[in-house]
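Please look over the sequence and the structure shown below before reading on.

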2 protein chains.
Amino acid sequence: MKNQKFFDSLCSKESILQTIIDESKDIGYYSLPEQEINHIQSFADKNSKKNIVVIGIGGSSLGAAAVYDFLRYKKSFDKELFFCESTDPVLLNSTFSKIDLNDSLFIIVSKSGSTIETISIFKYILSLVPLNKEQFIIVSDDGSSLHQLAMKNSLPFFEIPSNVGGRFSVLSSVGLLPLALIGVDIKALLNGAKAIKESFFSQGQAYEDIVCKASFYASNIAKYNINCLFSYSEAFRSFNDWYIQLWGESLGKRQLHSYLNVGLTPIGLIGPTDQHSFLQLIVEGKRDKSVTFIKVKDFDTHMKIPDITIEFLEKLDFINGVDFSDLINKQADSIIESLRNKHDIPLDIIEVDKIDEFAIGELFYYFELLTSVVAKMIDVNAYDQPGVEEGKKILRGFFN
Amino acid sequence: MKNQKFFDSLCSKESILQTIIDESKDIGYYSLPEQEINHIQSFADKNSKKNIVVIGIGGSSLGAAAVYDFLRYKKSFDKELFFCESTDPVLLNSTFSKIDLNDSLFIIVSKSGSTIETISIFKYILSLVPLNKEQFIIVSDDGSSLHQLAMKNSLPFFEIPSNVGGRFSVLSSVGLLPLALIGVDIKALLNGAKAIKESFFSQGQAYEDIVCKASFYASNIAKYNINCLFSYSEAFRSFNDWYIQLWGESLGKRQLHSYLNVGLTPIGLIGPTDQHSFLQLIVEGKRDKSVTFIKVKDFDTHMKIPDITIEFLEKLDFINGVDFSDLINKQADSIIESLRNKHDIPLDIIEVDKIDEFAIGELFYYFELLTSVVAKMIDVNAYDQPGVEEGKKILRGFFN
């Protein structure tokens with residue numbers, strides 16, 4: 001992948017490498033690209049159930065969903081993957097009506113082991129399918145309630161390393177297990193991440209890109225408090241959701257050494273659809289947004305606009321014979337050029353080579369590193385989420 | 001519907017009624033609730049094609065999609081509805097592989113009549129299905145290129161009133177025609193809108209709610225530049241997208257009487273899913289966001305969490321026997337209470353009675369009026385989108 005930035009002159013390259021090296025000794029996601037995955041792959045290779053049902057919410061599902069939605073337009077999988085995350089009755093009803101439960105593998109994913117949405121749905125499934133070691137798999141922290149349940153009932157258990165947080169867990173068993181089960185090349189996914197890791201820690205291009213952007217975001221946090229990810233393909237829709245959780249939940253915090261609430265607000269956009277929605281606000285609205293475009297260099301699809309003239313619409317014949325993938329990339333370029341002409345909208349372009357496992361592995365690790373570096377620069381702990389605890393306590397109180 | 005606000009003391013009730021009454025003489029959306037719809041309904045009643053395929057982008061599809069996604073969990077339709085909006089080749093490929101083109105009705109929706117995405121896809125379809133008056137319908141402005149094409153070929157034509165803008169057009173033939181074709185009760189949809197209209201113009205509760213909120217948003221535009229819509233049901237996912245276009249594209253503008261770029265940034269969230277993503281940023285991040293919760297009073301589904309105790313998870317038995325719809329509403333209430341405890345996050349709650357046509361009709365008109373009133377208060381033209389023109393010109397230039 002390639003990252004072009006149009007605000008280089010505005011950003012300094014603070015020396016933050018040692019700080020990140022120090023942090024990487026305690027924070028687990030940094031070392032996930034090198035992990036041993038044979039046990040995951042061999043478990044996946046033995047499975048014969050047709051439906052893979054992930055029961056998990058937030059960090060327990062967004063990463064796997066991002067990869068699945070990225071690849072599903074290009075690749076045909078021999079298994080079906082479902083996500084049950086919400087307690088929303090309309091959604092549960094509709095999801096379960098589509099699944100043959102007897103031909104399903106249920107992966108219960110919860111870092112704490114006691115996420116209320118996950119356990120509610122787990123109970124619902126247990127009213128239909130008795131707990132058995134052929135159909136239920138637990139992915140959780142070592143020692144959690146779910147881990148104990150797995151041991152007692154000999155359920156397959158995959159550990160989430162305790163120093164890997166939910167939103168940084170896509171490259172752990174949380175993401176790898178369901179993805180391996182449907183036939184995703186998880187080795188290539190890790191290799192993509194590894195490429196960015198090596199480039200960053202050797203102070204190569206990824207270091208240059210990430211530190212430049214992070215220092216711009218951090219030093220302009222009061223003015224540009226919104227960061228848009230404008231992804232030019234439907235394939236990125238769930239990746240955008242993954243980015244929103246990562247960015248919002250990691251950076252929206254009280255500062256460690258102040259009483260101040262700080263944060264950067266993520267927005268996920270899909271091109272060209274959102275040219276007809278959010279774009280006007282970027283072009284003419286308040287100058288409070290940076291924009292990162294994501295483009296695909298080679299869509300590897302060949303679908304041309306036919307050479308047909310429609311009467312009264314001859315003026316649009318200039319698109320005749322153009323490949324749809326050229327059109328979408330030119331649409332991205334035209335918007336980029338029009339925003340650059342404004343001179344006060346910070347923007348950069350990330351281009352991935354193809355829609356494949358390696359590419360999304362790169363993107364995951366790139367955005368995780370970017371998040372970690374920005375967090376250091378704005379003095380917040382990227383890895384906790386204390387703000388969501390109060391709501392859980394209040395909910396518990398409603399049932400007393 | 002009911003709208004509870006928790007910042008009443010902070011907002012004034014400017015007298016803006018006369019300004020809106022004056023505007024409603026020129027701007028067409030205001031009078032859509034009273035329009036004649038017999039020609040739409042009788043056309044729909046005669047159709048026998050199984051697939052309804054809407055070719056349109058932005059305001060030409062978001063409104064119908066919002067209604068369809070809202071109702072589809074509750075209602076079974078006898079027709080299939082598809083939306084083709086993007087030039088994204090991966091998406092087009094996947095959509096067309098699912099549709100039996102011979103059993104399809106294609107609705108070409110473009111206000112200008114020359115939207116590049118829409119015409120590209122139209123051409124693509126024409127390479128597979130010849131233009132014929134049994135399968136192609138045009139929805140466009142009177143006198144547009146598409147209107148001329150319809151007349152020349154005797155295609156059914158439905159007019160978009162020229163003073164109804166794309167993002168305010170859901171209650172015109174743009175939304176009503178595809179919705180009537182799949183069996184949505186479009187009369188009830190308009191009645192919901194009418195209820196809000198009457199309450200607003202008679203200075204009833206809707207006037208009170210809308211003017212109070214609008215004046216708060218306008219007078220705090222520099223501090224609270226982000227407005228989150230936190231909707232507690234998956235049924236609202238496409239409604240959120242509709243809101244994002246309406247809010248962003250209408251309010252992100254240069255002021256009419258200044259050189260300043262102003263705007264309010266819309267965010268769409270779905271509960272409880274986004275409690276595990278964006279919520280942390282609202283609770284502990286920078287105080288730059290207001291939050292509007294949308295709740296459903298009666299989901300009219302009955303799906304209980306079974307009375308099952310899971311060993312090691314006995315502490316979660318308090319949810320046993322609870323209906324999922326009670327749980328989701330209590331989850332919303334717990335988050336609302338935790339945000340109210342912060343005292344510096346402006347929030348309000350909209351509660352609709354049910355998931356039905358009347359309810360979403362109310363919501364459309366409520367948010368349209370809110371947008372119009374805020375636009376007046378921040379001195380922008382809610383009904384144009386000049387910022388998106390430059391990109392279109394640049395794109396055209398790429399093909400010379």
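Which residue forms a salt bridge with Glu23(A)? The partner is Lys376(A), and the closest N and O atoms of the pair are 2.9 Å apart. The model is a predicted one, and a search of the whole structure gives 36 salt bridges over all chains.

**Contact between chain B and chain A**

- Chain B contributes 112 residues to the contact, and chain A contributes 112 residues.
- The size of an interface is often expressed as the accessible area lost when the parts come together.
- Between chain B and chain A, the buried area is about 10000 Å². Carbon and sulfur atoms give 67% of that area.
- Six salt bridges are counted between chain B and chain A.
- One salt bridge joins Lys123(A) to Asp317(B), with 2.9 Å between the closest N and O atoms.
- Polar contacts across the interface of chain B and chain A involve 41 residue pairs, with both residues at pLDDT 80 or more.
- On the side of chain B that touches chain A, helix H12 (residues 324-340) of chain B gives the most, with 11 residues.
- That side of chain B is made up, by class, of 50 nonpolar, 37 polar and 25 charged residues.

**Two domains of chain A**

- Chain A is assigned domain 1 (2-22 + 188-386) and domain 2 (28-184).
- A distance of 28 Å separates the C-alpha centres of domain 1 of chain A and domain 2 of chain A.
- In the contact of these domains, 38 residues come from domain 1 of chain A and 28 residues from domain 2 of chain A.
- The area buried between domain 1 of chain A and domain 2 of chain A is about 2800 Å², and carbon and sulfur atoms give 66% of it.
- Three salt bridges are counted between domain 1 of chain A and domain 2 of chain A.
- Glu357(A) and Lys75(A) form a salt bridge in which the closest N and O atoms are 2.7 Å apart.
- Across the interface of domain 1 of chain A and domain 2 of chain A, 15 residue pairs are in polar contact, both residues being at pLDDT 80 or more.
- On the side of domain 1 of chain A that touches domain 2 of chain A, at least two residues are supplied by each of helix H8 (186-201), helix H10 (237-251) and helix H13 (357-377) of chain A.
- H13(A) provides the largest share of this side of domain 1 of chain A, namely nine residues.
- By class, this side of domain 1 of chain A holds 19 nonpolar, seven polar and 12 charged residues.

**Backbone features in loops**

- In chain A, the peptide bond from Gly271(A) to Pro272(A) is cis, with omega near -5°. Pro272(A) sits in the loop between strand E10 (265-270) and helix H11 (279-284) of chain A.
- In chain B, Gly271(B) and Pro272(B) are joined by a cis peptide bond with omega about -5°. The loop between strand E10 (265-270) and helix H11 (279-284) of chain B contains Pro272(B).
- Phe312(A) is not a glycine, although its phi is positive, at about 75°. Phe312(A) is found in the loop between strand E11 (289-296) and helix H12 (324-340) of chain A.

**A region listed in a record**

- An unreviewed UniProt entry lists residues 52-71 of chain A as "transmembrane region".
- In the model, the end C-alpha atoms of residues 52-71 of chain A are 16 Å apart. The span is 50% helix and 20% strand.

Notes:
Residues numbered from 1 in each chain as written. Chains lettered and ligands numbered in written order. Predicted model: local features only at pLDDT ≥ 70, side-chain atom pairs only at ≥ 80, totals over all residues. Heavy atoms only, no water. Contact = heavy atoms within 4.5 Å. Buried area = accessible area lost by both parts, 1.4 Å probe. Salt bridge = Lys/Arg side-chain N within 4 Å of Asp/Glu carboxyl O. Polar contact = N/O pair within 3.5 Å; in protein donor to acceptor, adjacent residues only side chain to side chain. Helix = DSSP H or I, 4+ residues; strand = E, 2+ residues; numbered from the N terminus. Nonpolar A, V, L, I, M, F, W, Y, C, P; charged D, E, K, R; others polar. Domains from an automatic or database assignment. UniProt positions renumbered as here; feature names shortened; annotations may be inferred.
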